[in-house]
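Subject: Structure handover

Hello,

I am passing on the structure we discussed, with notes on what I found in it. Please read them with the coordinates open.

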Amino acid sequence: MLDMTAADELDVVVVGAGFAGLYALHKFRDQGLSVRVFEAAPEVGGTWYFNRYPGARCDVESVDYSYSFSDELQQEWTWTEKYATQPEILAYLNWVADTLDLRRDITFDTRVTSAVLDENTLRWSVTTEDARVTTARFVVMATGALSAAITPAFDGLDSFGGEIYHTAHWPHEGVDFTGKRVAVIGTGSSGIQSIPVFAEQANHLYVFQRTPNYSIPAGNSVLTAEQVAEVKANYAERRRLSMRSGGGSPYVGTTTPTMEVSAQERQEAFEKRWRLGGVLFSKTFPDQLTDQTANDEARKFWEEKVRAVIDDAGVAELLIPDDHPIGTKRICTDSNYFQTFNRPNVTLISVRRTPIVSLDRTGITTSAEHVDLDAIVFATGFDALTGALGKIDIVGRGGERLAEDWADGPRSYLGLGDDGFPNLFVVTGPGAPAVLANMVLHAEAHVDWIAAAIGYLNANGYAGIEARPDAVENWLAELDQRAATTLFPKANSWYLGANVPGKPRVFMLFIGGFGVYNDICAEVAADGYRGFDLIRKS
Ligand code: FAD
Ligand code: NAP
């Protein structure tokens with residue numbers, strides 16, 4: 001058992017040991033602060049510890065989806081593929097934890113259940129599920145935007161006699177579907193990555209699709225020694241471009257609007273992005289996510305490509321989305337997803353046409369049929385952005401709970417702080433670009449900003465920092481206004497909380513681009529933390 005008697009009063013408690021929490025620990029410790037990380041899992045890794053389903057990979061290129069803060073780390077580690085597999089990313093995070101000697105300040109297998117502010121001392125009491133209380137001046141929530149998985153409450157769920165899995169809680173020992181009748185419910189990124197792999201193993205695979213999704217071939221490949229050497233030689237520039245970019249990757253799209261180039265140039269630009277692979281297709285032209293006509297052009301290009309690889313026109317009809325503009329839900333990144341439906345052992349079931357009615361001992365009943373099954377995989381996503389925070393009882397000034405404060409949607413200034421909750425920071429959560437950007441660089445940018453803010457408070461004799469109510473209101477209005485100028489509100493996406501019954505429908509992200517957001521945060525800091533109250537020691 002870890003003896004924390006001497007360390008029970010800390011400068012910073014960090015919750016979560018994924019990409020964000022690990023860097024936070026390193027950064028704050030380097031700054032001379034006493035830090036403890038609490039992590040519910042038995043190991044580091046967060047997303048990459050839990051999401052072990054076959055086919056799981058990053059959809060931002062590995063060389064970009066990795067820490068930039070240490071040139072030694074980025075020079076020493078060598079990624080083997082364009083899009084690294086989950087085991088490789090997890091190995092990387094373990095290697096970083098070892099190299100930076102992070103584990104000694106992480107308490108594993110320990111879930112934080114509450115964080116309560118003492119207004120007099122401006123310290124937080126953080127309670128873990130073993131009823132232990134730790135006090136800290138600052139709390140940094142690195143709890144993950146996609147860490148609270150959802151299993152829909154289907155009638156009869158508990159009665160199913162076969163195996164049940166969720167992609168976000170995949171068994172460590174792996175699963176063998178050989179010879180089995182398997183269902184996958186959900187066709188988001190997790191479903192789209194895993195379905196082709198399951199199809200190769202299962203006797204028969206039934207894909208239960210509610211909303212069809214846009215997906216682009218990953219174009220994954222093994223990285224050659226020359227490619228790696230080139231990236232390593234130019235890392236500084238690659239990172240600089242990423243930090244300035246819209247989404248945290250070093251690629252610059254066409255600057256001319258879609259309809260102002262010739263049809264041939266348009267086609268070539270789409271083709272180039274298609275070949276680049278992955279999510280960046282949605283940023284081929286600057287107006288693609290703001291102008292319906294521009295979006296339709298991208299969609300047409302995509303549709304032609306995809307129809308060409310699906311054998312059955314009826315199946316293609318079901319697989320082609322018609323209810324949201326391309327890119328307004330995260331574009332998925334696949335390896336042979338659409339081709340998988342050409343296999344004789346794969347059946348697509350549209351639950352829009354024939355909804356799931358119930359589960360029973362032997363399988364799933366839809367409004368049209370009963371499907372006998374040996375295993376069901378839920379690829380049904382997450383209570384994104386607010387889910388993990390909502391499971392912690394966070395109590396701020398005057399006994400106000402964050403859950404109540406956020407009842408109509410998450411409130412924050414810059415996504416970093418909220419009025420009534422001084423010295424509490426959230427990393428890559430609602431109010432920031434978060435999942436619209438490369439989350440590793442984003443976490444670094446947030447942690448750097450928080451570390452600088454703490455440094456500023458200490459250097460100037462302040463006890464705390466707290467977002468002002470007017471700054472929060474203005475920021476929420478800005479998020480709203482920016483979203484309203486785009487096509488994003490047209491999709492029932494998890495960006496809007498639309499995937500969770502009862503969740504307020506609010507566009508939760510800053511959509512102005514990662515580089516623009518980083519500039520705003522830097523300006524706020526340079527202006528003496530404009531919009532925050534800096535609280536003197538009493
Ligand atoms: P997480 O990795 O989610 O870590 C949060 C940690 O906090 C978890 O370990 C959790 O156990 C812990 N925690 C939460 N609540 C508590 C509590 N109360 N007490 C103690 N511990 C707690 N993003 C990209 O930019 N590019 C990608 O290619 C990409 N691919 C993804 C693939 C998958 C399958 C998924 C699910 C997400 C992907 N993402 C991707 C988003 C991904 O979540 C982030 O990139 C990144 O890994 C998040 O790191 P994090 O540290 O912020 O959160
Ligand atoms: P998701 O995108 O939310 O997809 C969940 C799927 O389950 C959707 O198809 C959804 O349908 C379906 N679903 C949910 N409830 C259902 C119900 N009751 N009945 C039938 N279908 C239901 O979740 P995800 O695939 O786990 O991905 C979440 C995010 O994680 C991604 O957007 C991405 O940011 C990240 N991720 C990235 C990668 C990667 O490629 N690197 C891989 C996995 C995840 P509806 O669309 O109709 O709601």
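The model is predicted.

Five strands form an open sheet in the order 7-16-8-9-12, and their pairing is parallel. The edges are taken by strand 7 (163-166) and strand 12 (346-350); each has a single partner strand, so one side of each has no neighbour in the sheet. From one strand to the next the twist averages 20°. Within the sheet, strand 8 (residues 181-185) and strand 16 (residues 375-378) run parallel and are joined by four bridges. One residue to look at here is V182, whose bridge partner in strand 16 is A375.

Helix 5. This helix, residues 189-201, lies across strand 8, strand 9 (204-209), strand 12 and strand 16. Relative to strand 9 it runs at about 155°. Helix 5 also matters for the next item, as it gives the most to the shell around ligand 2, with three residues.

Ligand 2. The ligand is surrounded by 23 residues, and the closest are R57, T187, S190, R210 and T211. By class, that shell has nine nonpolar, nine polar and five charged residues.

- S190, at 2.7 Å
- R210, at 2.8 Å
- K329, at 3.0 Å

Taken alone, ligand 2 exposes 900 Å², of which the protein buries 88%.

Ligand 1. Here 33 residues lie around the ligand, with E39, T47, D59, Y65 and V112 coming nearest. The shell has 18 nonpolar, twelve polar and three charged residues. A polar side-chain atom of E39 is 2.6 Å from an oxygen atom of ligand 1. The backbone takes part as well: a polar backbone atom of A20 is 2.9 Å from an oxygen atom of the ligand, and for F19 the corresponding distance is 3.1 Å. On its own ligand 1 has 970 Å² of accessible area, and the protein covers 95% of it. Helix 1 (19-30) and helix 2 (47-50) are the elements that give two or more residues to this shell. Helix 2 supplies the largest share, three residues.

Regards

Definitions and conventions: Residues are numbered from 1 along each chain as its sequence is written. Chains are lettered from A and ligands numbered from 1 in the order in which they are written. This is a predicted model: local features need pLDDT of at least 70, side-chain atom pairs count only at pLDDT 80 or more; totals for chains, interfaces and linings use all residues. Side-chain values use heavy atoms; hydrogens and water are left out. Two strands pair if DSSP finds at least two bridges between them. Axes are lines fitted to C-alpha atoms, for helices over the stretch in contact, and angles run from 0 to 180 degrees between N-to-C directions. Contact means heavy atoms within 4.5 Å. A residue is near a molecule or strand if one of its heavy atoms lies within 4 Å of it. A polar contact is a pair of N or O atoms within 3.5 Å; within protein, one must be able to donate a hydrogen and the other to accept it, and residues adjacent in sequence count only if both atoms are side-chain atoms. Accessible areas come from the Shrake-Rupley method with a 1.4 Å probe; for residues, only the protein chains shown count as cover. Ala, Val, Leu, Ile, Met, Phe, Trp, Tyr, Cys and Pro count as nonpolar, Asp, Glu, Lys and Arg as charged, and the others, Gly among them, as polar.
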